Amino acid sequence: MPGGVRTEIHLSSGDTGGAFCLLVDQPPPGWSLPPHLHRGVAETVHIVEGEFDMEVEGERSRLVAGQTLHVPPDVVHAGGNVGAGRGRRVLLFSPAGMEGFFREAGASAEDVEVDPRAALESATRHGWEFIR
């Protein structure tokens with residue numbers, strides 16, 4: 001994925017009857033996403049490894065392994081890996097469909113370049129809205 005984030009899709013819409021999709025990602029140190037929201041889609045983030053700063057509707061929190069944060073649909077949020085090493089998170093998007101973005105925007109191997117413009121266009125198609 002853009003930013004060097006390894007992302008694995010473990011359950012997709014077809015696996016859950018459209019209820020949710022489940023992913024595991026591994027953001028490198030220093031990685032972050034600017035404020036954004038997902039139209040009509042909730043996101044739940046569970047930290048497996050690492051340390052992450054998260055901001056949801058202007059409220060900041062620090063999450064470490066074992067902690068979970070839920071972001072309701074259409075709510076502005078941002079975050080990043082502030083730890084010294086690669087983190088690992090379980091991501092659940094509900095309803096399903098967000099996995100389409102990760103399939104479109106991602107590359108099959110680390111040495112394959114990801115086109116940032118194509119990734120942004122895919123994000124927009126899949127309900128992401130970036131807040132300036």
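Start by selecting Arg39 and Asp74: their side chains form a salt bridge, 3.6 Å from N to O. This is a predicted model. The two residues come from distant parts of the chain, 35 residues apart. Arg39 sits in the loop between strand E3 (32–38) and strand E4 (42–49), while Asp74 sits in the loop between strand E7 (68–71) and strand E8 (77–81).

Next, select Glu49 and Arg88. Their side chains meet in a salt bridge at 2.8 Å, N to O. Because Glu49 belongs to strand E4 and Arg88 to strand E9 (residues 88–94), the pair ties together parts that are 39 residues apart in sequence. Glu49 is partly exposed at 37%, and Arg88 is partly exposed at 30%.

Now go to Glu51 and Arg62, another salt bridge, with the closest N and O atoms 2.7 Å apart. Glu51 is in strand E5 (residues 51–56) and Arg62 in strand E6 (residues 59–64), so this pair ties together parts 11 residues apart in sequence. Glu51 is partly exposed at 27% relative accessibility, and so is Arg62, at 44%. The count of salt bridges comes to 10.

Last, select Thr16 in helix H1 (residues 13–16). Is Thr16 buried or exposed? With a relative accessible area of 17%, Thr16 is buried, because the cut-off for buried is under 20%. Leaving aside residues up to four places away in sequence, Thr16 touches Leu11 and Ala96.

Methods. Residues are numbered from 1 along each chain as its sequence is written. This is a predicted model: local features need pLDDT of at least 70, side-chain atom pairs count only at pLDDT 80 or more; totals for chains, interfaces and linings use all residues. Side-chain values use heavy atoms; hydrogens and water are left out. Helices (H or I, at least four residues) and strands (E, at least two) are DSSP runs, numbered from the N terminus. Buried means under 20% relative accessible area, exposed over 50%, partly exposed in between (1.4 Å probe, protein chains only). Contact means heavy atoms within 4.5 Å. A salt bridge is a side-chain nitrogen of Lys or Arg within 4 Å of a carboxyl oxygen of Asp or Glu.
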